[in-house]
Amino acid sequence: GGMFVLKKIVSEFFMPVPIVLSLLVIGIVLLWQKRRQAAAKIVLTTGSILLLFAGYGIISDAVLRKLEYQYPVLDIRAAREAGVKWVVVLAGAHGSDAGLPVTSQLAPETQVRLVEGIRIYRSLPGTRLLVSGGKVFDSRTSAELMASLAGELGVNPEDITLEDRSRDTHGEAVLLKPVLGSRPFVLVTSAHHMPRAMGLFKALGMQPIPAPACHYTRNSRKIAPGSFFPDTMGIRNSEFVFHEILGIVTARLMGQM
């Protein structure tokens with residue numbers, strides 16, 4: 001448990017905003033010390049350049065696009081011909097609060113994954129919907145919230161299976177292996193998370209058919225007034241890239257993919 005919490009803390013720190021803010025604070029501290037002016041200039045300049053790169057998505061947008069378009073969108077007919085029996089939806093974030101509608105308790109990204117999963121499940125008669133995701137720092141699991149929403153959106157509760165013990169993608173793969181075996185199944189997750197998810201599932205000898213959802217980049221880039229200004233969307237995209245690269249590197253170091 002302690003190792004898992006440490007991994008979460010480290011991955012939260014190695015994000016663009018904490019890194020940039022740390023550099024700016026260190027730079028300001030150095031600036032107030034007369035003998036540290038040169039160091040202050042270097043640190044503040046580095047922090048500012050990183051913020052500029054993140055805000056404009058100068059490098060991160062290209063990397064994010066590469067991650068998101070590594071796998072094509074699902075070919076429903078091919079999935080039908082493969083005799084798929086399961087449509088697996090991996091959870092994103094959630095935050096339970098009994099006073100809120102279930103749509104507000106699931107992060108928008110998790111909702112998009114689930115809606116895509118339901119759409120695919122409806123186009124593949126005879127399949128079951130498997131929602132996967134446990135709890136990390138919450139009282140309820142992602143899976144139970146997703147199952148609840150799927151049921152309210154008209155999915156037959158008898159067609160829904162829950163995997164509610166996992167805490168990360170590797171955990172999901174390990175816990176789903178006994179259920180799915182080595183038969184082909186549809187795997188739904190965010191497009192940027194798909195390369196890591198595919199790597200982790202395939203490493204266990206499983207046969208996922210990728211169904212990337214919730215794309216943040218577009219292949220056809222349209223210039224709009226917002227394109228000329230740095231914004232939080234650029235920072236958010238760079239966070240996805242940092243998070244995925246960190247996840248892929250960690251999984252490889254731990255021999256999980």
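## Pockets and a buried arginine

The lining of the largest pocket holds 16 nonpolar, 17 polar and 14 charged residues (nonpolar covers Ala, Val, Leu, Ile, Met, Phe, Trp, Tyr, Cys and Pro; charged covers Asp, Glu, Lys and Arg; the others, Gly among them, are polar). This is a predicted model, where local features need pLDDT of at least 70 and side-chain atom pairs count only at pLDDT 80 or more, while totals for chains, interfaces and linings use all residues. Numbering runs from 1 along each chain as its sequence is written, and side-chain values use heavy atoms, with hydrogens and water left out.

| Pocket | Volume | Largest share of lining |
|---|---|---|
| Largest | about 1,500 Å³ | α11, nine residues |

A pocket here is an open set of points on a 1 Å grid over the protein atoms alone, where a 1.4 Å probe fits, with protein on both sides within 12 Å along at least five of seven lines; lining residues have an atom within 4 Å of a point.

Now for Arg-113, which sits in helix α7 (residues 108–123) (a helix is a DSSP run of H or I, at least four residues, numbered from the N terminus). Is Arg-113 buried or exposed? It counts as buried because its relative accessibility is 4% (buried means under 20% relative accessible area, with a 1.4 Å probe and protein chains only). A polar atom of the Arg-113 side chain lies 3.0 Å from the backbone oxygen of Ala-91.

Definitions and conventions:
Helices (H or I, at least four residues) and strands (E, at least two) are DSSP runs, numbered from the N terminus. Buried means under 20% relative accessible area, exposed over 50%, partly exposed in between (1.4 Å probe, protein chains only). A polar contact is a pair of N or O atoms within 3.5 Å; within protein, one must be able to donate a hydrogen and the other to accept it, and residues adjacent in sequence count only if both atoms are side-chain atoms. Grid points are joined across faces, edges and corners, and a volume is the space filled by probe spheres set on the points.
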